[in-house]
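Dear colleague,

I am handing over the structure we spoke about, so that you can look through it yourself before reading my notes. Please open it alongside this message.

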Amino acid sequence: AETTPVGNVGNNPFKVTYTPSDTDAYETVTDIEVKIAVSPAATNSWTKELSITGWIYGKTKNDPSATAAHGTVTYAYSSSENGTYSADVPTTAGTWYVKASVAETNDYAGLESKPVAFTIAKAVPDYQAPSGLKAAYGQKLKEVSLPDGFSWDSASKSVGKVGKNTFKATFTPSDTSNYETVKDIDVTVTVEQAENSRTKKLTIKDWTYGDKANKPEFEAEFGK
């Protein structure tokens, strides 16, 4: 019937009848299948292109933003530009991608945007520079223990002279995927006087009267 709706968007089949001009000589043909390509009643387009601002791990996420001429915009995320997208908002540090889309209806066309990249940056971890460190004169930094996560930048370096000396250390968090490694941390070491010891006992060789005197020999761990 001429009042039958054309149906949903897509190729829809219908039955038609062909009536020749000379019905005396020719049969009327019925049940002829004809397909009608039904297009959306209204085109659709983005009135505001997709955009998003990244954020720092552990902080409040930023929502993507896009506007279409028709329909409700939904968003999907992926860890790679051409990967599988889902509605789950990413929470770990790294580069991510988001797409915006509008579902097609009988009234308007659907839309899907190109992926837009954004970054969840690593956070700076909370840490406290080591304090109260002590060493003895003559030691090296590698002999001075640091709390978990800390390491000396120059472990083979001497602790220096007696007094308070400052050196550089690095803090490496347990979760390096989401937190930055912190470098150039000033750490003070109090260097105390070292105990000294003899490394070679005192000796001296005899000499003959009138000859040049022999010097005594003695060696200590520190000093001359």
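This is a predicted model: local features need pLDDT of at least 70, side-chain atom pairs count only at pLDDT 80 or more; totals for chains, interfaces and linings use all residues.

Salt bridges

Side chains of opposite charge can pair when their charged atoms come close. In this model the count of salt bridges comes to four, and I describe three of them here.

One of them joins aspartate 63 to lysine 61, with the closest N and O atoms 2.3 Å apart. Aspartate 63 has a relative accessibility of 52% and is therefore classed as exposed, the cut-off being over 50%, while lysine 61, with a relative accessible area of 39%, is partly exposed.

Another is formed by lysine 99 and glutamate 112, whose closest N and O atoms are 3.5 Å apart. This pair links distant parts of the chain, since lysine 99 belongs to strand β7 (residues 94-102) and glutamate 112 to strand β8 (residues 111-112), 13 residues apart. As to accessibility, lysine 99 stands at 19% and so counts as buried, because the limit for that class is under 20%, whereas glutamate 112 is exposed, with a relative accessible area of 57%.

In a further salt bridge the side chains of glutamate 192 and lysine 134 meet at 3.8 Å, N to O. Here too distant parts of the chain are linked, with glutamate 192 in strand β13 (residues 182-192) and lysine 134 in strand β10 (residues 133-136), 58 residues apart. Glutamate 192 is partly exposed at 39% relative accessibility, and lysine 134 is exposed, its relative accessible area being 56%.

Surface patch

On the surface there is a nonpolar patch made up of Val6, Val16, Val34 and Ile36, which together have about 260 Å² of accessible area.

Serine 78

Serine 78 is located in strand β6 (residues 74-78) and counts as buried, at 4% relative accessibility. When residues up to four places away in sequence are not counted, serine 78 touches Gly83, Thr84, Tyr85, Trp96 and Tyr97. With one of these, threonine 84, there is a polar approach, in that the backbone oxygen of threonine 84 lies 3.2 Å from a polar atom of the side chain of serine 78. Tyrosine 97, for its part, is 19 residues from serine 78 in sequence, yet their C-alpha atoms are 5.3 Å apart in space.

Asparagine 178

Asparagine 178 sits in the loop between β12 (163-171) and β13, and at 7% relative accessibility this residue counts as buried. Leaving aside neighbours within four places in sequence, asparagine 178 is in contact with Tyr57, Thr92, Ala93, Lys122 and Ala123. Among these, alanine 93 places its backbone nitrogen 2.8 Å from a polar atom of the asparagine 178 side chain.

How values were computed
Residues are numbered from 1 along each chain as its sequence is written. Side-chain values use heavy atoms; hydrogens and water are left out. Buried means under 20% relative accessible area, exposed over 50%, partly exposed in between (1.4 Å probe, protein chains only). Helices (H or I, at least four residues) and strands (E, at least two) are DSSP runs, numbered from the N terminus. Patches are made of residues with over 30% relative accessible area and no salt bridge: like charges are joined within 9 Å, nonpolar side chains (Val, Leu, Ile, Met, Phe, Trp, Tyr) within 5 Å. Accessible areas come from the Shrake-Rupley method with a 1.4 Å probe; for residues, only the protein chains shown count as cover. Contact means heavy atoms within 4.5 Å. A polar contact is a pair of N or O atoms within 3.5 Å; within protein, one must be able to donate a hydrogen and the other to accept it, and residues adjacent in sequence count only if both atoms are side-chain atoms.
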